[in-house]
Amino acid sequence: MATETHVIAHGPELRHHFEQPEQQYESATLGMWVFLATEIMFFGGLFAAYTIYRTAYPDAFASSSQYMDVIIGGFNTAVLICSSLTMALGVRSAQLGQRKPLILFLIATMLLGCVFLGIKGYEYHHKWVEHLVPGFNWNYPIPQYSHHAQILFFLYFVMTGMHAVHMIIGEGILLTLVVMAYRGRFTERYFTPVEITGLYWHFVDIVWIFLFPMLYLIGKHKLL
Amino acid sequence: MSTLVQSPQTQQSKNYLNADHGWKSWLFTTDHKRIALLYLISITFFFFIGGFFAVMMRLELLTPRGDLVQADTYNKFFTMHGIMMIFFFLIPSIPATLGNFLIPIMIGARDLAFPKINLLSWYIYIVGGLFALGALLAGGVDTGWTFYTPFSTLYSNSYVMAAALGVFISGFSSILTGLNFVVTIHKMRAPGMTWGRMPLFVWSHYATAIIQILGTPVIAITILLVAAERVFHIGVFDPNVGGDPILFQHLFWFYSHPAVYIMILPGMGVISEVIPCFSRKGIFGYWAIALSSIGIAVLGFLVWGHHLFTTGQSMYAGFVFSALSFLVAVPSAIKVFNWIATMYKGSVSFETPMLYAFGFIGLFTIGGLTGLILATTAADIHVQDTYFVVAHFHYVMVGGMVMAYMGGLHFWWPKMTGRMYPEGWAKISALIVFVGFNLTFFPQFILGYLGMPRRYHAYAEEFQVYNVMSSAGASVLAVGYLLPMIYFIWSLKYGERAPANPWNAAGLEWMIPSPPPTFNFDTIPVVTWEAYNYHEPDAPEVEVGH
């Protein structure tokens, strides 16, 4: 049939149910955008909970902000923004069909992601030492705010924790991309996986861009 | 059109059912039609589990005193009935079976955009289902399907975690199905298949997918919070330490009210296909029906507060949610009026799918109108948490969605299996379902109005006569559901072979053989005709195709 020759003419990346490579590319991209819409609503539930409790208990929340280290958080934000840059450069290398820069940029993105996660782990450890982990190790220095601050720290751990889970998944996908790129799977005609991973990675960064001011900056009175 | 109809030789040969054999060819398939059948079998399994608990409840409610089971067990019955029926039957029902099977064919595609993700969604659904089954076998859950806090997080001693995890996991299956549908409908339409030529079944699934994509993640995070709260007791939903249980209800209903439209919109899509076919007439008000689906999806996100009229939401919020809930009745009514207008002066015939469609229109209308009573804040306080509410949503969910699902299954059964079902038996069972359904649930309107609260295993003696009627109706209904189960299976072997288009219906799915070949179309069709191009009896012949 005509369709058989069609498929062969476009190389192995084109799956049988697509007519054109453009159709496959557009489907994959749209699919990722739709998935990101889902993700926005997923984090949206947490943002809603945060907003409601912040409005209900402003003093307790303000008191807790002094235990967030703005310097470390700010540095981590910078690390993440840099990783977005290397990711964007990686996508560009893929589009230009440059295999070596692609691999290097992907690895750089992974490393920056690991730095972020490492620093996040350090912050978690610090919270543990300061008895600020709800449910496990909780002893808030200001007793009258203890219950309400516990809710804030719970939300802090759920929100940053879900963000970190997304980062870890992203690291896994990046590793897969590195292997694929090493094997020469991407050309200037086929780079869809790199591009949609880029979308995902940027989204995870943007979530952090919202988390950072909400958790670290609002209600902050003095830099420690 | 002639390019689509395949020669008789190919019709007899390979199709998606006999293209490959063995269990591996099913469990590792990426064919949307095979995945639809996997879903069909799995949701039927969960339907009968949910049905079992319905039977147990109706048995208990035969007498005013709690003599069959104690209150604790009864709590588990209605909880497991709700969880199984809503999350594991109704939500996947039409989208995952008929939608999965038909959407690519209806728009002239070879498969959904992401066949592997489609298979993944079935596996996720099964894993979620296993968690729910595990909770059931371990001893059940007693929170009600709504998992209200702080009962579910602090006090319940049942297997809340396993059931909640099951719901959490199966939600991702729903999201992936919706994602697949949206991308498929945007990017996989055949040349000439414009948005205005798509069957309304596809439009209604597009609207459903929007809700699945935007609503389901919210319940995912809500369940995650409930689970964390249950394990760590931090107090996010515990009023004793400043947590807000109403916040849980807002988050829960933000998904679970739109989820009601996940459960009804696909049914409306089925009805929009069946009615033109058996009226031999094009659909009346195509765009009105198509856009009212989107309208329902959008408005559906703005009405969740009507579940909180009596639970501590502010009075003014109640006003707003009440008004918005009235609004959502408008697009639903538009559909009903257009279906009736479609039948007007059509040559209506009474095949089984049409009988179910009639049942749908009548019962859904009753369910919808009683919803308006419940959306009225003052009236709602009278019937809040009574059997009136139970009757209302069963008229929509069972009288609406299950009727549509059964109608759709009969309508496309010849296409899916290549066999005709026995029309006589099917008509009888459609009538049994209709009678049994009304006998089961109409008395519950009266019970609720008289003040019988829901979710109790015992009741005052004056309610007994209506409860006996309801239980009698449930047994009739059970027969109505078992009969199709038997004759559908029977028809797989003994049913008459189905031609490509047994109903003389319009639509791309009827232009390919029954059952369809694995890749649906040898060559992708070029669509040059409008949807529902049924020849009207007096209308002049219109040239279609080419």
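# Notebook: helix packing and chain contact

**Entry 1. H10(B) and H15(B).** I looked up H10(B) and H15(B), which are oblique to each other (angles under 35 degrees count as roughly parallel, over 145 as roughly antiparallel, 65 to 115 as roughly perpendicular, and the rest as oblique). The model is predicted: local features need pLDDT of at least 70, side-chain atom pairs count only at pLDDT 80 or more, and totals for chains, interfaces and linings use all residues. Residues are numbered from 1 along each chain as its sequence is written, while chains are lettered from A and ligands numbered from 1 in the order in which they are written.

I noted that the axes of H10(B) and H15(B), the latter spanning residues 387–417, come within 9 Å and cross at roughly 45 degrees (axes are lines fitted to C-alpha atoms, for helices over the stretch in contact, and angles run from 0 to 180 degrees between N-to-C directions). Helices (H or I, at least four residues) and strands (E, at least two) are DSSP runs, numbered from the N terminus. The crossing is left-handed (near helix turned anticlockwise from the far one by less than a right angle; right-handed if clockwise). On the H10(B) side, I listed residues including Met263(B), Gly267(B) and Glu273(B). They face a set in H15(B) that includes Met397(B), Gly400(B) and Phe411(B) (contact: C-beta atoms, placed from the backbone, within 7 Å). This contact comprises 11 nonpolar, 4 polar and 1 charged residues (Ala, Val, Leu, Ile, Met, Phe, Trp, Tyr, Cys and Pro count as nonpolar, Asp, Glu, Lys and Arg as charged, and the others, Gly among them, as polar).

**Entry 2. Between the chains.** I turned next to the contact of the two chains, to which chain B contributes 35 residues and chain A 33 residues. On the chain B side, the elements giving two or more residues are H8, H9 and H10. H9(B) gives the most, with 9 residues. I recorded 23 nonpolar, 7 polar and 5 charged residues for that side of chain B.

I then examined H2(A) (residues 21–56) against H9(B) (residues 200–232): they pack at an angle of about 40 degrees, their axes 7 Å apart. The pair is therefore oblique, and H2(A) passes H9(B) in a right-handed crossing. Among the residues making the contact are Val34(A), Phe42(A) and Gly45(A) from H2(A), with Leu214(B), Pro217(B) and Ile221(B) from H9(B).

**Entry 3. Chain A overall.** I counted 7 helices and 2 strands in chain A, in the order α-α-α-α-α-β-β-α-α from the N terminus. Its radius of gyration is 22 Å, well over the 17 Å that the globule rule gives for 224 residues, so chain A is more spread out than a compact globule (taken over C-alpha atoms; the rule is 2.2 Å times the number of residues to the power 0.38). The C-alpha trace of chain A spans about 75 × 30 × 25 Å along its principal axes.

**Entry 4. Backbone details.** Most residues other than glycine have a negative phi, and most peptide bonds are trans. His131(A) is not a glycine, yet its phi is positive, about 60 degrees; this residue lies in the loop between H5 and E1 of chain A. I found a cis peptide bond between Thr149(B) and Pro150(B), with omega about 0 degrees; Pro150(B) sits in the loop between H6 and H7 of chain B. Another cis bond joins Ser514(B) and Pro515(B), with omega about -15 degrees. Pro515(B) is in the segment after H17 of chain B.
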